[in-house]
Amino acid sequence: MSDHATKPESAASTPSHRYTADLASGFEKHWRTQWESDGIYRVGNPGDPGFDDSLPKFYCLDMFPYPSGAGLHVGHPVGYIGSDILSRFHRMRGYNVLHPMGWDAFGLPAEQYAITTGIHPAETTRAAIETYRGQLDAIGFSYDWSRELATIDPDYYRWTQWIWLQAWNSWFDDTCDKAKPLSELIESLSNGQREVEGRPWSDLNDEEQQAYLDDKRLAYLSEQVVNWCPKLGTALANEEVIDGRSERGGYPVVRKPLKQWMFRITAYADRLLADLDKVNWPESTRTMQAEWIGRSEGADIDFQCEHGDPIRVFTTRPDTIFGVTFMVLAPEHPLVQALITSPSPSTDVEALKQYVETASSRADVERMADQEDKTGVALGLSAINPATGETIPIWVADYVLMSYGHGAIMAVPGHDERDAAFATRFDLDIRTVVRSSNGPAGEGCLTGDGLVINSSGDDLSLDDCTSEEAREAVIEWIEKKRIGDRQVRYRLRDWLFSRQRYWGEPFPIVHDEHGRTWPISEEHLPVELPPLDDFVPVESEDPQPLLAKAEAWLNTTAGEAGVDPALLPPDTPVTRETNTMPGWAGSCWYHLRYCSPNCDTRFVDEKAEAYWLGDGVDLYIGGAEHAVLHLLYARFWNKMLHDLGHVSSEEPFRRLFHQGLLTSWAFQRSDGSLVPVDEVEEKDGDQYVETATGASVKRTIAKMSKSLRNVINPDEVIETWGADTLRLYEMYMGPLESSKPWNPRDIIGVFRFLQRLWRLVIDEETGSVIMADEPDETIERALHRTIHKVESDIERLSFNTAIAALIEFVNVATSTGRMTTDQIGRLVRTLAPMAPFVAEEIWHRIGNESSIALTQWPEFDETMLVDDTMEMPIQIKGKVRSKITVPSDASETHLQETALADPRIVELIGEAPVRKVIVVPGKIINIITG
RNA sequence: GCCACCGUAGCUCAGUGGUAGAGCAGACCCUUGGUAAGGGUGAGGUCACGGGUUCAAGUCCCGUCGGUGGCUCCA
């Protein structure tokens with residue numbers, strides 16, 4: 001059999017059955033085809049014929065890729081190889097394994113490309129998917145391709161739109177902390193169980209009712225200041241803005257008021273935070289999400305103002321209230337706006353007006369650039385510190401943000417660095433009211449907790465309290481005086497969900513001429529993207545979504561668009577929503593769709609979902625760069641769908657693992673600039689010079705990127721070495737989670753390992769199997785140890801050590817003798833999850849008919865893990881001085897006697913008295929002398 | 001500035017309180033003889049540094065230095 005593998009070698013000297021790249025690629029191609037036609041990686045669902053739902057399940061998910069035109073580089077498959085090993089391992093252990101793959105295919109790059117080339121994003125994306133699929137297949141992944149999906153498929157985004165409508169039709173009930181259908185709210189309003197600010201529902205007119213409901217929805221329309229990126233022609237979510245620049249592309253982002261679709265993710269802040277304790281995720285990722293959600297405990301406090309209403313602030317440090325020497329309002333604060341229109345006599349209106357205008361027009365980049373250099377203007381008004389009764393000035397400054405708390409702060413320059421910088425800049429009072437509990441009343445700004453001092457007033461005294469006690473006392477005091485109360489605040493903002501681009505899911509909603517919104521009914525989904533051939537964003541003061549260009553599609557009627565006639569007469573003229581959903585939409589729920597990718601009656605088949613996702617995805621592997629974006633959004637959608645009864649588990653991804661970044665060598669000139677890899681030559685072993693100039697360059701490690709020309713294509717690696725070598729090398733490089741550099745010179749190491757393994761069992765001259773009739777004892781023991789080691793290493797995703805164990809075994813077996821076919825079978829089954837092609841080939845050569853992927857994982861015998869005799873080191877005072885060979889089960893007494901009788905030990909101890917002998921059976925003997 | 005992780009052979013990395021390990025590179029020997037060949041044998045270590053705990057520390061604790069990642073006007 002396997003004559004596909006006996007391709008003659010070009011070099012006459014090479015034995016014709018040696019493991020070479022040619023030989024490997026021959027049988028790799030053969031098995032790929034065979035696996036595909038036998039459908040061995042296909043898995044059914046509960047209820048399907050032959051599907052045994054009493055077996056345990058393993059849902060092993062990869063973060064699906066965005067198929068870019070450039071194709072895969074060797075960094076992409078790192079995580080995929082890891083998850084494939086786990087999937088294959090679990091299949092052999094008797095699990096039903098769901099291991100799917102798909103495409104995150106909406107998004108900016110394809111559209112940016114369309115702008116320059118005019119080629120429709122659908123076309124480039126489909127082509128990219130084909131490339132990716134071919135590249136992934138060559139690596140030998142065990143995906144169930146019958147479950148393949150792409151977020152751009154109308155059959156897929158139909159349900160993305162359906163989920164969005166669920167959110168649009170829901171509200172968050174604070175009293176039980178979960179989402180409910182809006183119909184329940186309407187019912188409790190109409191039957192009088194609930195009122196609107198003291199008014200019965202029936203007293204509200206139609207418009208008021210609508211406005212009230214719209215304000216409750218989980219997906220709602222809101223006019224707000226957004227992160228507008230002129231270069232990308234779209235607004236971005238907070239999570240997509242880094243240091244005032246767009247996450248993709250790094251373009252400047254400015255603040256602009258726009259009417260946008262939002263998600264009420266803040267309603268879930270406490271649950272998203274609390275449930276981080278329920279998942280098996282990397283600590284760092286949980287910390288990042290927790291910090292992003294940013295829970296702060298504190299209090300709201302009202303400060304009486306000279307004129308008008310009191311100013312409400314939020315503070316986490318009520319214990320420092322005696323140290324409040326001024327207040328600061330955000331430039332967008334209503335009081336500031338009011339003062340500009342009707343100024344008080346002491347207000348410098350011109351200065352104020354100018355400051356507010358400058359602040360609002362400044363991009364966030366600038367605002368953040370000068371954190372040290374505080375700016376601000378005095379309002380000419382004052383407030384009263386409720387603790388001291390003193391009059392304190394009110395200022396306006398852009399370091400206070402309207403979007404957090406109440407857009408106003410009580411400034412405590414003695415104990416807050418930002419307030420301190422502001423006070424110093426404008427020469428305002430600084431008062432120390434906390435001292436360090438162990439040190440002297442300190443110089444500088446103590447921002448932590450301590451002991452409260454200088455804090456006594458008429459009806460409140462905090463002196464000598466700890467900060468903790470003082471906080472409680474102040475909260476109690478303000479609550480009693482009814483000037484404030486305890487509060488918890490989150491840093492998390494609602495999620496801006498509209499984009500002004502073309503290549504995304506359209507919203508299933510239309511607007512009537514009165515500005516009211518109407519949903520498309522379920523049976524008319526999906527709202528398909530209209531065709532468009534011009535993708536250049538419209539340049540205008542008021543940003544125009546691209547879909548506005550599709551005029552024929554844009555202006556339609558309620559009936560045409562699919563609005564329920566019971567809601568709106570079919571001939572009502574309506575305009576469609578022109579925003580599209582962001583790239584994150586499709587990835588929020590793809591893990592659900594994989595359970596039943598072709599279900600056309602529901603977004604996911606109920607029984608399939610309950611089986612595969614009853615307790616969430618078992619293992620989710622993907623990059624750490626999604627820690628607060630995709631992973632937070634997907635958790636939010638999952639919770640929402642869970643509340644509405646559509647999804648079983650509270651959390652989507654039970655266990656999460658981040659693979660490390662694959663880096664590559666890069667070369668640097670003496671001035672620090674980078675040189676492409678292909679313009680560098682090696683000299684004298686460890687020196688590198690730039691080919692063109694001969695100047696010496698320094699080797700560094702950098703991300704793989706086109707501009708450095710240090711990108712390695714997996715196709716080329718497979719061509720040169722075979723897919724098994726690529727898989728093994730990527731796993732052998734180091735721990736899966738660490739970032740590590742691709743070093744072409746190391747690949748040959750794992751290739752040689754496969755070659756030695758092959759030579760161990762296949763005669764290189766004849767191609768026949770090298771067999772022993774009787775098992776060799778040493779090999780048998782080593783094999784049991786190897787199976788044990790590989791098994792426990794795979795379970796903890798430590799593939800590099802598992803491979804090292806296999807290398808050791810092959811080295812031992814090679815120098816010991818031959819193996820029986822039974823031993824060879826167990827060896828290749830142990831190898832199969834990591835190097836499936838060569839394992840399959842040998843498996844068949846030793847006479848098996850069915851695929852190795854469908855066999856059982858080999859067993860090991862505990863008693864075979866230890867040898868009969870072992871070498872034990874003897875220490876004298878903690879230093880190894882000698883070694884003895886003893887039976888493995890020797891008693892402590894026997895060990896002690898043998899050790900003390902060892903000639904070298906006798907000599908070293910000499911006359912010194914032995915004070916103590918520590919015997920750790922199986923490990924070590926330590927002799928303590930006087 | 002804060003948080004997390006890391007520092008072991010020239011490189012990339014294992015190492016579970018108990019003998020310091022692997023692959024690659026480099027050295028030597030054997031085999032082979034035409035462009036990434038095979039086998040074998042040496043060599044290579046202040047486990048970043050300084051303290052502590054322990055019979056025993058690469059491993060646990062504290063500190064310092066260096067690196068990586070993340071967060072950062074969030075009151």
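Guide: Let's follow one hairpin and then the salt bridges that lead on from it.

A word on the ground rules: this is a predicted model, in which local features need pLDDT of at least 70 and side-chain atom pairs count only at pLDDT 80 or more, while totals for chains, interfaces and linings use all residues. Residues are numbered from 1 along each chain as its sequence is written, chains are lettered from A and ligands numbered from 1 in the order in which they are written, and side-chain values use heavy atoms, leaving out hydrogens and water.

The setting is chain A, with 29 helices and 37 strands; these are DSSP runs numbered from the N terminus, H or I of at least four residues for helices and E of at least two for strands. Its C-alpha atoms fill a box of roughly 105 × 90 × 70 Å along the principal axes. Of its 930 residues, 54% are buried, meaning under 20% relative accessible area; exposed means over 50%, and partly exposed is in between (1.4 Å probe, protein chains only).

Now the hairpin itself. Strand 12 (residues 295-305) runs antiparallel to strand 13 (residues 311-315), and five bridges pair them; pairing requires that DSSP finds at least two bridges between two strands. One place to look is Asp 302, whose bridge partner in strand 13 is Arg 312. Five residues lie between the two strands, and in this hairpin Gly 308 has a positive phi near 75°. Strand 13 is mostly covered, with four of its five residues buried.

Asp 300 and Arg 489 form a salt bridge through their side chains, 3.0 Å from N to O; the term means a side-chain nitrogen of Lys or Arg within 4 Å of a carboxyl oxygen of Asp or Glu. Asp 300 sits in strand 12 and Arg 489 in strand 20 (residues 484-490), so distant parts of the chain, 189 residues apart, are linked by this pair. Both Arg 489 and Asp 300 are buried.

Asp 319 makes a salt bridge with Arg 471, with 3.6 Å between the closest N and O atoms. Asp 319 belongs to the loop between strand 13 and strand 14 (326-329), and Arg 471 to helix 14 (residues 467-480); the pair joins distant parts of the chain, 152 residues apart. Here too, Arg 471 and Asp 319 are buried.

For contrast, turn to Lys 549 and Asp 534, a salt bridge whose closest N and O atoms are 2.7 Å apart. Both residues lie in the loop between strand 23 and helix 15, so this pair ties together parts 15 residues apart in sequence. Lys 549 counts as partly exposed because its relative accessibility is 28%, and Asp 534 counts as partly exposed at 35%. The loop between strand 23 (517-519) and helix 15 (551-554) also holds Pro 526, which is joined to Leu 525 by a cis peptide bond with omega about 0°. Most peptide bonds are trans.

These pairs are among the 47 salt bridges counted.
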